[in-house]
Amino acid sequence: MIASSARRQTGAGQMTAVVLFLPPAILLFTLFVVLPIVEAAWYGNYSWNGFGTPTNWVGFDNYRYVFEARAFGLALRNNVLIIVVSLLIQLPLALTLALMLAEKFRGAVALRMLFFLPYVLAEVATGLIFSFVYDGDYGLLASIYRVFGAEAPHLLASTQTSMLAILIVVVWKYFGFHMMLFIAALQGQDRNLIEAARIDGASRWQALRYVSIPLLYPTIRLSIFFAVVGSLQLFDLVMPLTRGGPADSSQTMVSFLYSHGVTRMRIGYGSAIGVILFVICATFAITYKRWFMRDE
Amino acid sequence: MNALNRSLLAGVALAFSAGTSLAQTTVKWLHLEVNPAQIKIWEEVAREFEAKNPGTKVEMQFLENESYKAKLPTLLQSNDRPHIIYSWAGGVLKAQVEAGVLQDISSQIGDVRDTISPAALAAFTVNGKTYGLPHAQSQTGFLYNKELMAKGSVDGSTIKTWEDLLGAVRKLKAAGVTPITVGGGDKWPLHFYWTNLAVRIGGKAAFEAALQGKDGGFEGETFQKAGEYMKQLVDLQPFQNGFLGFKNPQSTGFFGDGKAAMSLVISTVYHQQKALAADKVGITDDKLGWFDFPTVPGGKGAASDTLGGINGWLLTRGAPKTALDFVKHFVSKDVQMRLAGANFLIPVVKGADAGINNAFMRNIAQNLARSGYHQNFYDQDLGPSVGRVVNDATAELAGGSMTPRQVAKAVQDAWKQGN
């Protein structure tokens with residue numbers, strides 16, 4: 001009904017659609033997204049343990065405490081580290097594999113599935129599995145070391161290596177997702193363009209470099225966007241592996257929020273961290289969209 | 001039509017009355033116990049209570065320890081809050097009282113007041129009002145594996161002073177035995193060292209002075225010294241490899257598997273190490289020893305002072321009277337004797353320790369009965385925010401990234417910030 005009337009008189013039809021479909025979405029969005037953000041911004045100015053209504057107004061003290069906390073600096077550093085590794089190791093790896101596996105050959109589909117599997121696994125399950133792998137006494141890593149007659153390091157127990165251990169899991173878990181994005185885009189590409197380039201005398205590498213990959217740019221930009229936002233939100237992998245420790249060395253922004261805000265019943269302080277994280281994410285999302293994804 | 005209406009009405013009325021006569025009082029009981037054997041007894045207790053009080057239903061709800069702590073504030077403020085909740089007393093209890101989410105039961109416990117150990121009851125009393133009843137207490141001290149100790153020619157029963165402990169660690173290391181296992185990834189097992197040392201060095205007076213900000217508060221001499229003594233131990237590298245990554249159950253299992261000679265633990269680890277050992281047998285009673293936390297030279301605390309937990313059940317605001325009746329039933333001598341008999345707890349009800357049927361738990365019960373100053377765990381007593389800083393800082397001291405002075409300062413800063 002609405003669709004057909006919209007076809008006849010676009011203006012009025014569009015209005016009906018807007019009036020009908022927008023309010024539920026706006027309502028849900030306001031209730032569950034906008035309101036909590038506004039509330040967090042409000043709580044961030046109180047010293048509050050979560051009971052009753054906040055009454056102890058402390059202004060920007062919470063923000064000052066956050067910026068003074070050593071754990072916050074570490075969390076920020078770790079988030080940057082995750083982003084860098086995602087962009088410099090994970091995405092190139094995903095792209096290379098995608099270029100190989102987008103072709104049709106025996107076992108390509110099986111390999112794609114295999115590389116995609118880690119992404120399907122729940123984060124907490126992944127964390128637990130790797131905490132066993134990394135276990136310096138009974139773990140897989142320990143048995144590999146033992147084969148060579150060496151004693152395994154406890155990767156998760158040292159401030160020097162805890163983050164490295166997490167980064168390995170992050171790359172392992174998410175490269176398959178980006179690989180799938182690239183494969184989907186590659187398969188959607190018009191084969192004629194490549195063929196035309198080849199007929200024009202372009203080598204395989206040149207066809208790849210100057211035709212295939214430029215056609216992938218929108219997907220790469222999208223992939224980078226997912227990688228950065230996902231890195232900023234990393235939490236559920238960290239908790240079963242290290243809980244942000246030892247000595248906050250593997251804290252991320254969100255695990256820092258949880259362990260220093262929520263579990264300590266410092267809801268005001270936690271809200272302040274949340275607001276800072278929100279500002280970072282929103283600034284990134286908006287600038288990135290404006291600068292790099294304006295055509296999409 | 002009229003007849004139909006009437007019969008409909010009658011039917012509705014019937015259904016309604018049937019509904020009311022069957023209406024049950026449901027007691028919602030939120031706990032965080034994970035030991036199936038203990039939950040089995042709890043369930044029996046609940047079913048007995050239901051049988052004795054027709055029309056009552058006891059509904060057991062469970063949350064895991066960490067998520068319990070994280071979700072409780074929200075839960076308590078909902079209309080669907082549980083009636084009975086688990087508590088470690090201390091700072092969290094005070095916050096809950098201030099928020100008005102608990103029920104003052106002072107006037108309703110006349111019948112049980114005299115049956116419960118006064119010190120334990122006092123832990124659930126804030127500003128003269130009682131909000132819950134205690135059901136268990138525990139002591140921290142060293143569990144040791146007699147066989148492994150013998151390898152280093154150490155006799156655990158002779159360790160009385162801090163120097164004795166350090167000596168034992170040196171000997172065990174020389175003999176190639178891992179002296180101590182600790183769940184450093186969870187941090188709180190490491191805070192046992194620092195806080196036990198503070199109890200030995202300064203006694204009750206030092207802790208109370210620190211709470212009032214006297215003598216430099218938690219930055220004062222007692223607490224700096226506690227850090228220095230702890231560092232003496234840490235410098236010997238007494239813990240298992242990778243101890244900062246071990247969660248507490250892992251460490252408990254490590255001890256149960258006979259991989260380390262000692263562990264500073266809560267007395268209930270006595271049976272947990274059996275359940276968490278790879279062979280489910282653990283260290284058997286004939287090979288298991290216990291010594292109290294060592295004393296330090298010139299310490300103001302008595303050797304009989306204890307650090308441990310006091311656990312109990314709180315009644316939340318609006319809880320039905322039946323909920324309190326159930327808690328009273330739970331802390332009755334009969335139920336406490338049963339739980340004590342299964343070695344799950346050191347009872348707080350007078351005379352129920354007669355139910356304890358093993359030498360290990362009896363020894364702990366005697367220690368607690370003799371204790372002139374039983375200090376609750378700092379991470380509970382100081383509230384969740386300061387408590388976690390104590391855990392963080394002592395874990396960093398053990399990891400070598402903080403000095404004793406920095407630890408004391410971090411705790412004092414948190415205390416000032418939180419109050």
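H31(B) stands opposite F62(B) in strand β2 of chain B, where strands are DSSP runs of E with at least two residues, helices are runs of H or I with at least four, and both are numbered from the N terminus. The model behind this is predicted, with local features needing pLDDT of at least 70 and side-chain atom pairs counting only at pLDDT 80 or more, while totals for chains, interfaces and linings use all residues. Residues are numbered from 1 along each chain as its sequence is written, and chains are lettered from A and ligands numbered from 1 in the order in which they are written.

Back to the strands. Seven bridges join β1(B), residues 25-31, to β2(B), and these two run parallel. Both belong to an open sheet of five strands in chain B, ordered β2-β1-β3-β11-β6 with mixed pairing; two strands pair if DSSP finds at least two bridges between them. At the edges stand β2 (56-62) and β6 of chain B, each with a single partner strand, so one side of each has no neighbour in the sheet. From one strand to the next the twist averages 20°, with axes being lines fitted to C-alpha atoms (for helices, over the stretch in contact) and angles running from 0 to 180 degrees between N-to-C directions.

What about the β6 end of the sheet? Here β6(B) is joined by five bridges to β11(B), residues 310-315, and the pair runs antiparallel. Within that pair, P134(B) has G312(B) as its bridge partner in β11(B). Five of the six residues of β6(B), residues 132-137, are buried, so this strand is largely enclosed by the rest of the structure. Buried here takes 20 or more other C-beta atoms within 10 Å of a residue's own, exposed takes 12 or fewer, and partly exposed lies in between, with C-beta atoms placed from the backbone.

Stepping back to chain B as a whole, its secondary structure comes to 18 helices and twelve strands. Its radius of gyration is 24 Å, close to the 22 Å that the globule rule gives for 419 residues, so chain B is as compact as a globular protein of that length. That radius is taken over C-alpha atoms, and the rule is 2.2 Å times the number of residues to the power 0.38. Along the principal axes, the C-alpha trace of chain B spans about 95 × 45 × 40 Å. Buried residues make up 49% of its 419 residues. Of the contacts in chain B with a separation of 6 or more, 75% come from residues 24 or more positions apart, a contact being two residues whose C-beta atoms, placed from the backbone, lie within 7 Å.

One residue towards the end of this tour of chain B is A410(B), which lies in helix α18(B), residues 404-418. A410(B) is buried, with 22 other C-beta atoms within 10 Å. Leaving aside neighbours within four places in sequence, A410(B) is in contact with V389(B) and A393(B). Its C-alpha atom is separated by 21 Å from that of A205(B), 205 residues apart along the chain.

Chain A is built from helices: there are 13 of them and zero strands. A compact globule of 296 residues would have a radius of gyration near 19 Å, but chain A comes out at 24 Å. Its C-alpha atoms fill a box of roughly 75 × 70 × 30 Å along the principal axes. Of the 296 residues, 33% count as buried. Among contacts in chain A between residues at least 6 apart in sequence, 65% join residues at least 24 apart.

Two of these helices, α4(A) (residues 70-101) and α10(A) (residues 204-232), have axes that come within 10 Å and cross at roughly 145°. On the α4(A) side the contact includes N79(A), I82(A) and I83(A), and on the α10(A) side it includes L208(A), S223(A) and I224(A). The residues of this contact divide into ten nonpolar, five polar and no charged; Ala, Val, Leu, Ile, Met, Phe, Trp, Tyr, Cys and Pro count as nonpolar, Asp, Glu, Lys and Arg as charged, and the others, Gly among them, as polar.

Then there is α12(A), residues 253-262: ten of its ten residues are buried, so this helix is largely enclosed by the rest of the structure. The buried residues of α12(A) pack against α4, α10, α11 (238-241) and α13 (267-292) of chain A, together with α3 (65-76) of chain B. Between the two chains, 18 residues of chain A are in contact with 22 residues of chain B. The side of chain A that touches chain B has seven nonpolar, eight polar and three charged residues.
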